[in-house]
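Here is a quick walk through a few spots in one model. Have the sequence and the 3D view open as you read.

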Amino acid sequence: MRAALLRLRRGTGLPVAFGGLLDGPGQVRIGELSGTATRALQGLAIFSGNGLGGKAVALSRPCAVTDYHVSRHISHEYDTAVAAEGLRSVLAVPVVVRRRVRGVLYGALRAAQPLGDRTLSAAVAAARDVEQALVVRDEVRSLLAAAREPVADPGAWERVREAHGALRALAPRIADAALRAELLSVCGRLESAVTVPDRLRARPVSLAPREIDVLSCVAVGITNAAAADRLGLRPETVKGYLRSAMRKLGAHTRLEAVVAARRAGLLP
């Protein structure tokens, strides 16, 4: 949200931006401020249908007013907080994920001036950033929940390995440090979940995180091109990481590398 507000200000030229995420049924709570002079808007609960943001939530589309305080197109439950910040022209863009409003971004001027289509388009682009981040966060939480479930049969290990590969691929895209750490912690538990007999256990090997990411893709049958797409890398880069991992593991083929990595406790 903080990064999206900065992008909104840069893209629109608006001096003030603020926003928040869903905090209950039909309620968004303002949690981030950028460029504000007061804390009047911090923590404000925006209810569906109320004020400009509530209208954007209810209609699930961007809304704007040229002069907030005299506009007849919105209700005025939040006039005191808006006046304390000295805002006049305001736009509100809903954050919508899978047809459900998950938050609102605002941009504002301290003067009553029309906000053009270019300004609105830039604000919508900033909202899309938040939507993508929420999609990733939702996917991570779903995978984390699946990864915590006990594995009841040997065939289920393929699903575990799929989840492990997906989690490894998502980790670099997570801005939330706590969530990223939790994700990698679950990956670690998955990697050590299989007990390897002593006679098969490989010597300790240290691989770079990206080498493990690539091997986790190879382990579930993904091609180099598909691995590059999943990991956000160039195919040549994926090949380089794979060659490096194979060299460290003493493997001559992709399959040998996966087997060696599992014996070393680096893959589930």
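Is Phe 18 buried or exposed? With a relative accessibility of 4%, Phe 18 counts as buried (buried is under 20% relative accessible area, exposed over 50%, partly exposed in between, using a 1.4 Å probe and protein chains only).

## Ground rules

This is a predicted model, where local features need pLDDT of at least 70, side-chain atom pairs count only at pLDDT 80 or more, and totals for chains, interfaces and linings use all residues. Residues are numbered from 1 along each chain as its sequence is written, and side-chain values use heavy atoms, leaving out hydrogens and water.

## The aromatic pair

Rings of Phe, Tyr and Trp (its six-membered ring) pair if their centres lie within 6.5 Å; planes under 30 degrees apart count as stacked, over 60 as edge-to-face and the rest as tilted. That rule gives 1 aromatic pair. The rings of Phe 18 and Tyr 106 are stacked, because their centres sit 4.4 Å apart with planes at 15 degrees.

Phe 18 belongs to strand 1 (residues 16-22) and Tyr 106 to strand 6 (residues 100-108), so the pair ties together parts 88 residues apart in sequence. Strands here are DSSP runs (E, at least two residues), as are helices (H or I, at least four), numbered from the N terminus. Tyr 106 is buried too, at 5% relative accessible area.

## Ser 34

Ser 34 sits in strand 2 (residues 27-34) and is buried at 9% relative accessibility. Beyond its neighbours within four places in sequence, Ser 34 is in contact (heavy atoms within 4.5 Å) with residues including Leu 5, Arg 9 and Val 16.
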